[in-house]
Amino acid sequence: MVVCKESCGRWLCQQALEGKNVRAEGYHMLMKELLTEAERSAHKPQQRLIFLACVALLIPRLGLYILRYFAQLMPLLLEWAHAYDEKTVVVALWVLATVVQHAWPRIEAHAGVIWQHLVQVAKAAEARKLDRGVDSYSYNKQQQEEQGRAQNGQQPPGKVFGDDTDRQVKVAADVAGCSDRSFAAVLQLLNVLKQCGSETLYLAVAATAQQQQNGVGSSSSIARMVRCIFGQ
C-alpha cells in the first residue's frame, strides 16, 4: 500500500480495520504491507510519519499478536527515536509506548535495550535544548500560539495522530515541566515501561544510576529518568 498523504493513509487504515476481529487475516496482511513500505522509505520523514500514524491504529487491534512483527517493527521505531526531526522522535516514542502497552508480557527481553536508546534520546534532547537556547518562555510562547490557532479552528503544524494524541503529548510535557517534547515522550514511555515491572529494566537503570554517581556521562535528564523509575 503506497500512500502519498498522511490523512489518506489514516483513512485507508481505518477503513481496512473496520469490522475486523483480532485474528482476521486482513490485519496481518495490512501490517506486512505497512512494514515492507516502511523499510523501503525509512529515510523519508513524510513516509515514516504516515507509517507511524497507520500502525498506531493497527497495534491496539493486533494486541499481543504484534509480537509477530517485532523483528521488523522494533528496529524501525528505535532508529526513528534518533531521527533529526523532533516530530518523528516524539511520534516514534509514542508508538513504542503503545507497543509496550499491548505486548507487555514479552517486553522483559527488550526493556534493557529500550532503556539504552532512551538514554541516548534524552541526551540528544538535552543537547538540542542547549544548542537552541530553548527555555520555559519560548515553550510557553509556542503553547500560546498553538492555543490561538486552535481557537481559530486551525490545525497546529506537524500534527500526526489528531487531537487526542497531540493533547496528551502536550499534557505530558506540561506535567513533566519539559520544554522539549521529545524528552516528555521519553518520560511518558518510561512510565509505561515501569508498569511492566521488568527486572531487566531495573538492572539497566541501576547500572546507569551507578555511572551517574561515578560521574560518567552525568546528565540532569538521565538523573530525572532514573528518579522516574525508582521514584526517588
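Contact here means that heavy atoms lie within 4.5 Å. The structure is a predicted model, in which local features need pLDDT of at least 70, side-chain atom pairs count only at pLDDT 80 or more, and totals for chains, interfaces and linings use all residues. Residues are numbered from 1 along each chain as its sequence is written, and side-chain values use heavy atoms, with hydrogens and water left out.

Leaving aside residues up to four places away in sequence, Val99 touches Ile59, Phe70, Leu73, Met74 and Leu77. Phe70 is 29 residues from Val99 along the chain, and their C-alpha atoms are separated by 9.4 Å. Val99 belongs to helix α5 (residues 86-102); helices are DSSP runs of H or I with at least four residues, numbered from the N terminus. Val99 counts as buried because its relative accessibility is 0%, where buried means under 20% relative accessible area with a 1.4 Å probe, protein chains only.

A cavity is a set of points, on a 1 Å grid over the protein atoms alone, where a 1.4 Å probe fits but cannot get out; lining residues have an atom within 4 Å of a point. There are two cavities of 30 Å³ or more. The second largest cavity is lined by Leu93, Trp94, Ala97, Ala185, Gln188 and Leu189. The elements giving two or more residues to this lining are α5 and α9 (181-195).

In helix α2 (residues 25-40), the buried residues include Tyr27, His28, Leu30 and Met31.

How values were computed
Buried means under 20% relative accessible area, exposed over 50%, partly exposed in between (1.4 Å probe, protein chains only). On a 1 Å grid over the protein atoms alone, a cavity is a set of points where a 1.4 Å probe fits but cannot get out, and a pocket is an open set with protein on both sides within 12 Å along at least five of seven lines; lining residues have an atom within 4 Å of a point. Grid points are joined across faces, edges and corners, and a volume is the space filled by probe spheres set on the points.
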